Amino acid sequence: MPTDPSSPFDEVLAQRAADALAELAAATGGAAVCRIGEDRVTTVKRLEGRSTALADLVRRRRQHPDEDPAASLAAVRCRWQQTPRLSPVWETYADAGLESLAELAVAAG
């Protein structure tokens with residue numbers, strides 16, 4: 001985590017990232033995402049997108065601990081806006097990642 005893991009932004013980020021990962025694990029039952037059946041793939045890709053976007057932001061904060069949280073969020077959001085949308089499933093993945101970042105911005109104030 002960043003230099004000041006007790007900052008309100010980083011506390012909210014850490015909790016949301018942990019929650020998203022737990023939701024993904026619960027939805028997959030511990031199975032690899034690539035082995036999920038067609039009937040659950042959209043739901044799982046949505047959860048994977050949320051989890052991955054938040055994990056990307058956690059990594060960004062670790063790599064740039066002195067960066068303003070808003071700048072970190074903007075940099076990660078920019079990368080996610082460029083995510084290829086090769087199919088409806090990947091569109092769901094990218095949209096969910098962007099939604100999780102937007103929700104974090106609101107929650108963290």
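This is a predicted model: local features need pLDDT of at least 70, side-chain atom pairs count only at pLDDT 80 or more; totals for chains, interfaces and linings use all residues.

Modeller: Residues are numbered from 1 along each chain as its sequence is written, and side-chain values use heavy atoms, with hydrogens and water left out.

Biologist: How many helices and strands are there in the protein chain?

Modeller: Helices (H or I, at least four residues) and strands (E, at least two) are DSSP runs, numbered from the N terminus. The protein chain has 4 helices and 0 strands, in the order α-α-α-α.

Biologist: What share of the residues counts as buried?

Modeller: Buried means under 20% relative accessible area, with a 1.4 Å probe and protein chains only. Here 36% of the 109 residues are buried. The C-alpha trace spans about 40 × 25 × 25 Å along its principal axes.

Biologist: At what angle do helix H2 and helix H4 pack?

Modeller: Axes are lines fitted to C-alpha atoms, for helices over the stretch in contact, and angles run from 0 to 180 degrees between N-to-C directions. H2 (residues 41–63) and H4 (residues 88–108) pack at about 45°, their axes 7 Å apart. They are therefore oblique to each other; angles under 35 degrees count as roughly parallel, over 145 as roughly antiparallel, 65 to 115 as roughly perpendicular and the rest as oblique.

Biologist: Which residues meet there?

Modeller: Contact means heavy atoms within 4.5 Å. Among them, Leu-54 and Leu-57 belong to H2, and Leu-101 and Leu-104 to H4.

Note on methods: Buried means under 20% relative accessible area, exposed over 50%, partly exposed in between (1.4 Å probe, protein chains only).
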